[in-house]
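Open the model in your viewer and have the selection tool ready.

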Protein chains: 4
Amino acid sequence: MSRETHQACLEACNACATACHHCAAACLGESDVKMMAGCIALDMDCAALCQTVAGFLARGSESAPALCVVCARVCEACGQECGRHAADHCQRCAEACRRCAEACRQMAT
Amino acid sequence: MSRETHQACLEACNACATACHHCAAACLGESDVKMMAGCIALDMDCAALCQTVAGFLARGSESAPALCVVCARVCEACGQECGRHAADHCQRCAEACRRCAEACRQMAT
Amino acid sequence: MSRETHQACLEACNACATACHHCAAACLGESDVKMMAGCIALDMDCAALCQTVAGFLARGSESAPALCVVCARVCEACGQECGRHAADHCQRCAEACRRCAEACRQMAT
Amino acid sequence: MSRETHQACLEACNACATACHHCAAACLGESDVKMMAGCIALDMDCAALCQTVAGFLARGSESAPALCVVCARVCEACGQECGRHAADHCQRCAEACRRCAEACRQMAT
């Protein structure tokens, strides 16, 4: 894979982790928290995994592509759930998740 | 500080991180999620910081004591909030937080 | 998968992360650090991934089994490399990696 | 503290974590690894702590400023050690560490 693909994936992972951490906390401040429970749970998974993948990528680990396969799926699941909610933080998180899922798929091939 | 203090703190951090991750997810499954919002937010902080401190301790980092000062406060705040809720996962998390706070204070001196 | 398999994997991940963090730092104190370079690099991957998987397991995430597949491979690679070195921290790390690889494979099925 | 200070600190933490992960792995590939041992050890601390702080900042945690005090010191120590080595990855890491230390000090006040 090219240096550009690698760098793009690293940036997408950092951006996605940030969006997911922010979304999780912002969801907890919504009036109907119960409706956001699935979103918060996926945000926690996605934030943690994206930060881990960012570390693997920055270190140039040869396990990065295999981890990106799983990360792409977690990002996709999180993006789909966030995409169902109208709140700004959810919509921005959904977009970051979709971009990261795509970048992880590129890394994984 | 003694080897025992160091080892006890490492184990307390791992146990507290596990309890906080579990409590956060279990709180999201409660019928009144809104009531648990503060608990979930503190669980996320406490789980992440305890895992980081565990790494510093396992590596024997000289920054571990300074980080333990902050971790003790985060554990205490999380333990106090969890202690207010009757759910089993909250009560067990509160206990893990209190033990970790005490172990971190021992490390920090 | 059973509750016992899940709990065993969580404990194996925490133990493996601790052993890997410790081994990485101890390798840096060896007289021939160059010989330990591969070991340190794998320790960093393995410690980070095991801590992430521990979080997924403690939260009961449905992505845990997929992540365990990758974690088993990373643990195996780290355990093989550590097993080549005579130092106590490497031998103990190799054992923790093998146990965690096996526990992750059980989780993944 | 202002929204700009907060956002700048979050970006500096992500950039510093990336630089430290990269530097640690690149140091392991240097011909004289032993000379880089202190640099690698500090990179591991700094990378882990910056990622944790980034999470606290993204969630808007009220413990972020207290954690930033410790992070500033870890970044400073890592930046000083990296700054002693001529390798590109060390010089870039030193710069990222200094910026992050400054951003963390701003957050902490």
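**Cavities, one by one**

This predicted model holds two cavities of 30 Å³ or more (a cavity is a set of points, on a 1 Å grid over the protein atoms alone, where a 1.4 Å probe fits but cannot get out; a volume is the space filled by probe spheres set on the points, which are joined across faces, edges and corners). Local features need pLDDT of at least 70 and side-chain atom pairs pLDDT 80 or more, while totals for chains, interfaces and linings use all residues. Residues are numbered from 1 along each chain as its sequence is written, chains are lettered from A in the order written, and side-chain values use heavy atoms, without hydrogens and water.

Start with the largest cavity, of about 800 Å³. Select A:Q51, B:Q51, C:Q51, C:T52 and D:Q51: of the 42 lining residues (those with an atom within 4 Å of a point), these are the closest to its centre. Next, colour α2(C), which gives the largest share of this lining, eight residues (helices are DSSP runs of H or I, at least four residues, numbered from the N terminus). By class, the lining has 18 nonpolar, 16 polar and eight charged residues (Ala, Val, Leu, Ile, Met, Phe, Trp, Tyr, Cys and Pro are nonpolar; Asp, Glu, Lys and Arg charged; the others, Gly among them, polar).

Now move to the second largest cavity, about 30 Å³. From chain A, select N14, A17, T18, H21 and Q51; from chain D, select L10, N14, A54, G55 and A58. Which helix gives the most to this lining? The answer is α1(A), with four residues. Four of the lining residues are nonpolar, six are polar and none is charged.

Terms used. On a 1 Å grid over the protein atoms alone, a cavity is a set of points where a 1.4 Å probe fits but cannot get out, and a pocket is an open set with protein on both sides within 12 Å along at least five of seven lines; lining residues have an atom within 4 Å of a point. Helices (H or I, at least four residues) and strands (E, at least two) are DSSP runs, numbered from the N terminus.
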